[in-house]
Amino acid sequence: MSARLSRSAVLAVLTLLVIVVLSPFALVALNAVKSPAEYASDGPLSLPDSLYFKGLADFWIRVDFGEKLFNSFVISASVAVLAVVVSIFNAYALGIGRVRGRGAFLVFFLLANLLPQEALAYPLYYLSKEVGLYNTQLVVVIIFTAIQSAFGTYLLSSVYAAFPREMLEAAAIDGAGKWRTLWRVVVPISWSSLSVLFTFFFIWTWNEFFLPLIFLISNDKQTVPVALGVLQGDRMMDATTTSASALLGIVPAIVFFLIFQRTLTRGVMAGAVK
Amino acid sequence: MTTSTEVERRPLAGAAPARPRRRRSGGGYTVFLIPGVLLSLVVIVVPLLMNVGISLTRWQGVGTPEWIGLDNYTRLLDDENFWASFRNIIFLIVAMAVVPTLLGLVLAAVLFDYVGKQVGPRTASAFRSGFYLPQVLPVAVTGIVWGWILNPSFGALNAILTNAGLDALAKNWLGDPAYALYSIMVIMVWFQLGYPVVMFMSGLQRVDPELYEAAAIDGAGWWQRFRRIAVHLIKPEIYVVLVTTTIAALKIFGQIFVLTRGGPGNATLVPSYFAYQNFFEKAQVGYGSAIATVLTVIIVVLAVVFLRIQARGERRDLL
């Protein structure tokens, strides 16, 4: 009896906590589909009488949200692909090739990933202006490919260090060179690690704010977080418009979370053993 | 660095496959490092060195930087905003690293050990997903969500309080220096909590159930088992979480930019926003670079200390 009581007590406390954690999401969703008049009269907790999509639609058109989604998608996907490729090359040399100075390289890549972006921001801003890449998505892709692949190199090198030697030897006996061995043997076998990296890079790049804020100043080049972030405090932003903008920021993140959930939980564990 | 070219590598691998395997000095692999190393040089090493160089100058971003030695650094020591930004960071480390780690430990243990076993693993993982959800949001979006909830004129929180007849509790959460930093702290706990919960729950899977049973037979209560066994065994995860979240706290920018821009006054100023202000709003590029350099040194020292501790831990495990 007391065991059952304490069981319900624990579950009640946990449920309450999760409700508190999830309540901001619920508040945003509830008020993004509420008319401003209804918000003014009934407040944020009332259920909307009818679903009101005009706030969302107006905001979507005003910021050209489709374009922002497209920009974010192009940048994140390009970074994810390129950073995975660079990570593969680095990790092939460090994990499988065990080139000299391997330890130093690994520490370098780890630190490179941890560095605060503030320490790179101004010189990168200056250099990108000098070479005419300022305010282009290309420069954002290049920068994040370097930053993300630093992490990828660190993680993938430890995966490749444990790569079955027999397979490499078998490939060598079959007459495959290092280039062929990499693409025909190493990459296919490590596909699951690579998909974890791809997922991470995509989501991390999607979520980035500081450097895209600095490098993408024209409206039509901006990503979702930058476009939404710079609008806050704008006079046009009333209660329901702000919650509509929040909802538009939340939805893609949750969609990715649902799509990638399995890969992500695997990846968090991979992060734990690094 | 030694680089052997394609030409000498190919025939060796084909004709005498045994030989290249024997001399494992890594010959022939170095070439694969070229793209990664070039990229890191251009995007990370050169800018980092430039940043340190700029920090020794007075520069507005145009014209020739004027060499002033360590003046920017001595100026930092007298700058009230600099100290405020680091004082605020200590509060944010509490909110982003310390509290989520402690709370995450308890939640993970309860979810894994109690809910997972008494109710079922599916319930446990549903709770875990719930706590983790804020983590998937872009930082700027968490700022937007909370900026709206805490808005003094049309925010949800004050509206809820007023409707409940608690007008007295309605505050200007982000605009009043007495509350702004605490409001940000609450937001950051909300944002970070899921990460330690997920990490610790996966770590707890390593704990041998027999160890727990043996301890229970010896009369150890739940709390004792938790402290003596669980916490001890997931130490690696605790280290990783503490270090990564502390570094994340030191780097915090997005939420501050969206929610308060460091204000009111310097109540929520943080080093990264302070550097940003000097770079792009005040055109004091040298001074901003000095702030960024100090932040970098702190983060690198922290990371190196952590790597040392981790390496020592691994050696001990091997013995």
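**Charges, rings and helix contacts**

Analyst: This is a predicted model. In it, B:R261 sits over the face of B:F257, 3.9 Å from the ring centre.

User: And which ring does A:K129 lie over?
Analyst: A:K129 lies over the face of A:Y134. The distance to the ring centre is 5.0 Å.

User: How many aromatic pairs are there over all chains?
Analyst: A search of the whole structure finds 48.

User: Let's switch to helices. At what angle do helix 6 of chain A and helix 15 of chain B pack?
Analyst: At about 15°. Their axes are 10 Å apart. Angles under 35 degrees count as roughly parallel, so helix 6 of chain A is roughly parallel to helix 15 of chain B.

User: Left-handed or right-handed crossing for helix 6 of chain A and helix 15 of chain B?
Analyst: That crossing is right-handed.

User: Which residues meet there?
Analyst: From helix 6 of chain A come A:E118, A:Y122 and A:Y125. They meet B:S272, B:F279 and B:F280 in helix 15 of chain B. By class, this contact has four nonpolar residues, one polar and one charged.

User: What is the handedness when helix 5 of chain A passes helix 7 of chain A?
Analyst: The crossing is left-handed.

User: What residues make the contact?
Analyst: On the helix 5 side of chain A they include A:L106, A:F109 and A:L110. On the helix 7 side of chain A they include A:I147, A:F151 and A:Y154. The classes are nine nonpolar, three polar and one charged.

User: Over to chain B. How far apart are the axes of helix 12 and helix 13 of chain B?
Analyst: They are 4 Å apart, and the packing angle is about 65°. B:V231, B:H232 and B:L233 of helix 12 make the contact with B:K235, B:P236 and B:I238 of helix 13. These residues divide into four nonpolar, one polar and one charged.

User: What about the backbone? Is the peptide bond from B:G263 to B:P264 cis or trans?
Analyst: The bond is cis, with omega near -5°. B:P264 is in the loop between helix 14 and helix 15 of chain B.

User: Back to chain A. What is phi of A:D64?
Analyst: Phi is near 50° there. That is a positive value in a residue other than glycine.

User: Where is A:D64 found?
Analyst: A:D64 is in the loop between helix 3 and helix 4 of chain A.

Methods:
Residues are numbered from 1 along each chain as its sequence is written. Chains are lettered from A and ligands numbered from 1 in the order in which they are written. This is a predicted model: local features need pLDDT of at least 70, side-chain atom pairs count only at pLDDT 80 or more; totals for chains, interfaces and linings use all residues. Side-chain values use heavy atoms; hydrogens and water are left out. Axes are lines fitted to C-alpha atoms, for helices over the stretch in contact, and angles run from 0 to 180 degrees between N-to-C directions. Helices (H or I, at least four residues) and strands (E, at least two) are DSSP runs, numbered from the N terminus. Angles under 35 degrees count as roughly parallel, over 145 as roughly antiparallel, 65 to 115 as roughly perpendicular and the rest as oblique. A crossing is left-handed if the near helix is turned anticlockwise from the far one by less than a right angle, and right-handed if clockwise. Contact means heavy atoms within 4.5 Å. Ala, Val, Leu, Ile, Met, Phe, Trp, Tyr, Cys and Pro count as nonpolar, Asp, Glu, Lys and Arg as charged, and the others, Gly among them, as polar. Rings of Phe, Tyr and Trp (its six-membered ring) pair if their centres lie within 6.5 Å; planes under 30 degrees apart count as stacked, over 60 as edge-to-face and the rest as tilted. A charge sits over a ring if NZ of Lys or CZ of Arg is within 6 Å of the ring centre and within 35 degrees of the ring normal.
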